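Subject: Structure handover

Hi,

Here is the structure for you to look over. My notes on it follow below.

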Amino acid sequence: MCLKIYDALRADRFPFKPVREGKVGMYMCGMTVQDRPHVGHMRGTVVGDLVRRVMTYFGYDVTYLNNFTDVDDKIIDRANEEGADYRTIAQRNMDCYMSFVDLLGNRRATLYPKATEHMVEIQDLIACLVGKGVAYPAGGDVYFRVDRYPDYGKLSKRKIDELRSGFRIEVGDRKESPLDFALWKMAKEGEPYWDSPWGRGRPGWHIECSAMAMKYLGPSFDIHGGGIDLIFPHHENEIAQAEAATGQTFVNYWIQHGLLLLGGEKMSKSTKLFFLIEDVCQVAHPDTVRYYLLSTHFRSPIEFSEERLAEAGVALARLQSTAAALCAAVGVPPRLTAEPFPPEKIHDLEIRGVMEKFIEALQDDFNSARAIGNLFDLSRFLNRHLALPASGEKEATIKEGQMVLHHLADLVGLNLLPLDELATPPDVMRLVEDRAEARRSKDWAKADLLRQDILARGFLVEDKSGKSEVRPCR
RNA sequence: GGCGCCGUAGCCAAGUGGUAAGGCGACGGUCUGCAAAACCGUUAUUCAUCGGUUCAAAUCCGAUCGGCGCCUCCA
């Protein structure tokens, strides 16, 4: 079986064929940094990371870009509200975003290009479009002439004529046609600006993505992602800008991810219906948030709720608990190597079966939900083995299973080893010791009271054969 | 109105032609001083509804009902 990806433009699944043998160029539309990231933004991040990890696993040399739009009307508005420089706002939010990229277990992208650092490329692209007559300056602005690009609407499945009927001509608009969109916007008094052949101004919203993607990935590259709400107009306009300039196919696979919903409605900044990722991470461990985001196929919408999040936490804990038991039995697993190993090398057929199914799921349009389901089968299999009487064979199977479990979890960026486990505080340790003493003297009432105390401090005592174990409860 | 997506168990969620993964919850059992964790078992004769195609449909086609997204703020 080969890697198949659903391409929104062709509206079907196709075997993946890279533009350049052995290499993958991918671009994920990041956020406009007028505010701190919410869960929806992080879904894009996690999806991008998933795709990148899977492509890397299959041996591709991946160049992965996740951009920041760091100058736009909303950022400027925000800066004015706060009486701060727009750069201060942008930087603050970018820093915040990056801290959650790390916290949620994402590998860093190859590059996080910013619009403000690519004014040359942006202006070159605009100049090219103006030169071809596909764009025109108008009173300090520059617009894309949609009528001159016949393929307009091919991604969002819209017809230019139908679009036109739905548009109103705004008063004072400098556009020739209401469908035309801005490539360059003239700076108003007090706004940040860059000098350009068309006067002082800043880029329109869509142009920076076309310019930056093409700068680093070439005129034609493999994968472009973003929220499904970006299909129109953002991605549609990106295609128009890029293809009108180069005459080449801009992107081969368009992968838009589903949105987070809140009470059945889109989580969005404009409606004030959203949860900041920093708030979510207050009520759920970042590992849980990642698990939650990966446990639904990336193209489906996800209803966000604390209940769902809590369920995800319990499910993940099941996997972590197996990982911990494995550690206790055969020690910490060997460090993961970058070199993937083929399932054929796995001796135990059941473990091998899990691995094959897991990988198959990821090959099938990055189906992390289906892949993760297999982890529970492996978990049950290993828990069962753990209870078996000691033998060389048992140990070998367990070690193999442990390696596979961590290997597969890592493939989707899930860490099952609580390496940063909180040290149990001294006061809790004292209670645990008191309780052990009470249990030795069979004072069960006292032991149960102490367990309550310990629980009240956020720790769970479990009596295993011989000794009691403490762990923080999540 | 146009375009696109979706409707699977109490809840969440895979499955896009070969006879319903997985998780949460619930119930029963094993283990335990009791718990917890773990393990074993039960929990959808059926996939919004109605028709059609097919040897075979949750999967394909049509209609209906319901939900969501986009139609220049959007991840």
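Start with the hairpin of E14 and E15: four residues lie between the strands, and Gly466 there has a positive phi near 95°. Strands E14 (residues 459–463) and E15 (residues 468–472) run antiparallel and are joined by five bridges. Glu462 has Glu469 in E15 as its bridge partner.

A word on conventions. This is a predicted model, where local features need pLDDT of at least 70, side-chain atom pairs count only at pLDDT 80 or more, and totals for chains, interfaces and linings use all residues. Residues are numbered from 1 along each chain as its sequence is written, while chains are lettered from A and ligands numbered from 1 in the order in which they are written. Helices (H or I, at least four residues) and strands (E, at least two) are DSSP runs, numbered from the N terminus. Strands pair if DSSP finds at least two bridges between them.

Next, the parallel pair. Strand E9 (residues 221–227) runs parallel to E10, with six bridges between them. Phe221 sits opposite Val251 in E10. In E10 (residues 251–257), seven of seven residues are buried (20 or more other C-beta atoms within 10 Å of a residue's own, C-beta atoms being placed from the backbone).

Last, the helices. The axes of H6 (residues 207–217) and H7 (residues 231–246) come within 8 Å and cross at roughly 55°. Ile207, Cys209, Ser210 and Met214 in H6 meet Glu238, Gln241 and Ala242 in H7 (contact: C-beta atoms, placed from the backbone, within 7 Å).

Best wishes

How values were computed:
Axes fitted to C-alpha atoms, helices over the stretch in contact; angles between N-to-C directions. Contact = placed C-beta atoms within 7 Å. Buried ≥ 20, exposed ≤ 12 C-beta atoms within 10 Å, placed from the backbone.
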